[in-house]
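Let's take a friendly walk through this model, from its ring pairs to its DNA contacts. Have the structure open as you read.

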2 protein chains.
Amino acid sequence: MNELILIVEDEADLVQSLEYNLQQQGYDTRVALDGQSALEALDEKRPALVVLDLMLPDMSGLEVCRWIRNEETMRATPVLILTARGEEIDRITGFEAGADDYVVKPFCVDELMLRVRAILRRSQVESQELHADKMQIGDLFIDFAAHRVRVGEKEVELTPLEYQLLKVLVIRRGRTQSREVLLRDVWDIEAEVMTRTVDTHMQRLRAKLEQCGEWIATVRGVGYRFEAEEP
Amino acid sequence: MNELILIVEDEADLVQSLEYNLQQQGYDTRVALDGQSALEALDEKRPALVVLDLMLPDMSGLEVCRWIRNEETMRATPVLILTARGEEIDRITGFEAGADDYVVKPFCVDELMLRVRAILRRSQVESQELHADKMQIGDLFIDFAAHRVRVGEKEVELTPLEYQLLKVLVIRRGRTQSREVLLRDVWDIEAEVMTRTVDTHMQRLRAKLEQCGEWIATVRGVGYRFEAEEP
DNA sequence: CTGTTTTTGTCACGTTGTTGTCACAATCGC
DNA sequence: GCGATTGTGACAACAACGTGACAAAAACAG
């Protein structure tokens with residue numbers, strides 16, 4: 001009952017090498033040679049991670065990635081993209097696909113293994129914190145189970161959106177979240193449009209959190225970050 | 001599923017020798033006898049490295065090199081130039097062509113093999129560091145995930161541009177970056193114009209990095225370099 | 001079903017931070 | 001020393017962000 005990794009790749013040699021190494025590391029593997037069978041495999045059993053080649057015989061890996069991101073039950077499944085170098089990295093990790101990481105081909109297998117482990121560790125931490133029913137950061141208390149937030153002794157009334165925004169920031173604290181990522185994961189829209197929506201809500205959230213608002217740092221030109229340590 | 005190397009060269013003997021040795025080293029090879037077929041080969045499959053003779057029957061190797069550098073998807077592909085002696089080394093490694101390295105003909109094949117390996121290793125290290133979420137060089141700490149920079153215990157506030165500039169320099173540390181390259185990769189402008197922009201921002205970056213500013217070396221007449229070892 | 005309240009997206013404006021350019025000083029290589 | 005190149009500080013144009021206001025949309029209550 002190990003973690004299952006779905007490999008979507010059509011080069012037989014590479015598939016073999018990946019399967020061998022991943023199984024060596026104690027993961028279960030499943031292979032799909034094209035986009036269509038990838039979707040079928042995903043429908044069948046939800047993997048802990050998808051390793052996805054962008055170049056597939058029948059459809060673009062980007063489409064597969066988008067499909068995963070649009071499927072409610074798959075949304076949280078991390079995706080590691082294999083790509084030839086130069087293939088517009090921004091679009092891969094940014095709004096367009098929403099991959100969690102990528103490796104440039106040709107790559108050494110050890111590097112990929114490191115990346116796989118890093119992603120799974122991260123996603124485990126995130127899902128763990130999601131399932132934790134309580135959390136404290138400084139004066140900020142979040143009760144996920146009860147859907148309640150407290151600053152010091154004072155209960156804070158957050159709107160659903162504000163709560164969601166705080167949750168994403170807090171669970172990923174210490175890592176800067178771009179506006180694109182926030183729009184995707186909180187608002188559920190794929191937009192490159194320049195909108196002040198994120199900023200406005202960030203401002204409201206900051207105001208409601210009072211002294212804890214200072215934990216939210218602005219990263220100019222990029223987005224926002226919930227500090228990992230006392231500001 | 002080895003790394004593919006494209007050889008662009010018209011001398012049959014040399015081609016044969018190169019192919020043999022490169023395959024011996026475990027690389028896949030593909031040959032183009034002139035510039036036109038080189039471009040076609042590039043369009044077809046992106047190689048991990050291009051070995052390019054400057055003297056071609058139909059067009060100059062420099063043109064091929066420039067084409068690669070102008071193509072969005074090829075930009076990062078390293079190019080190793082073969083040249084008869086004296087052929088304006090500056091223009092080859094400098095802005096005009098943007099080659100990564102060059103070998104003067106006649107050369108010993110072993111040396112070329114060394115260069116090839118060195119270039120490929122470098123480009124792999126680069127792509128690896130591109131995703132690292134943290135990095136330390138002397139007193140300089142860069143947290144890519146958090147988008148933060150620290151010198152010693154002190155947090156340094158960098159503007160988006162300064163951050164980008166530092167990132168490019170650090171990831172390519174040990175190698176001089178010409179102003180043209182920096183303008184292209186940081187500013188995203190193709191300019192042969194003489195501007196003091198790079199210098200000014202380099203100065204600001206140096207000032208903000210305090211003692212770590214000394215890691216940034218000026219290369220007169222060319223550009224700047226982030227030292228690979230303690231200055 | 002209707003009126004009320006809450007939530008949310010958008011806008012405009014002011015403020016602050018950022019960046020390109022320039023003039024001039026300092027420095028380097030010869 | 002001389003010319004070319006780079007460092008440095010000042011500054012104005014510009015872009016990004018914070019903030020408050022407002023109206024549309026959604027949720028809610030009666």
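## Buried aromatic rings

F226(B) has a relative accessibility of 0% and therefore counts as buried (under 20% relative accessible area, with exposed over 50% and partly exposed in between; 1.4 Å probe, protein chains only). W215(B), at 6%, is buried too. In chain A of this predicted model, W215(A) is buried at 6% and F226(A) at 1%.

## How the rings pair

Across all chains, a search of the whole structure turns up two aromatic pairs (ring centres of Phe, Tyr or the six-membered ring of Trp within 6.5 Å). W215(A) and F226(A) are stacked (planes under 30 degrees apart), because their centres lie 5.8 Å apart with planes at 25°. W215(A) sits in the loop between α8 and β11 of chain A, and F226(A), eleven residues away, in strand β12 (residues 223–226).

## Contacts with DNA strand D

Around DNA strand D there are 22 residues (a heavy atom within 4 Å), with Q203(A) and Y224(B) among the closest.

Look at the arginines here: a polar side-chain atom of R196(A) is 2.7 Å from a base oxygen of DNA strand D, while one of R206(A) is 2.8 Å from a phosphate oxygen.

## Reading the numbers

Residues are numbered from 1 along each chain as its sequence is written, and chains are lettered from A and ligands numbered from 1 in the order written. Local features need pLDDT of at least 70, side-chain atom pairs count only at pLDDT 80 or more, and totals for chains, interfaces and linings use all residues, while side-chain values use heavy atoms, leaving out hydrogens and water.

Terms used:
A polar contact is a pair of N or O atoms within 3.5 Å; within protein, one must be able to donate a hydrogen and the other to accept it, and residues adjacent in sequence count only if both atoms are side-chain atoms. Rings of Phe, Tyr and Trp (its six-membered ring) pair if their centres lie within 6.5 Å; planes under 30 degrees apart count as stacked, over 60 as edge-to-face and the rest as tilted. Helices (H or I, at least four residues) and strands (E, at least two) are DSSP runs, numbered from the N terminus.
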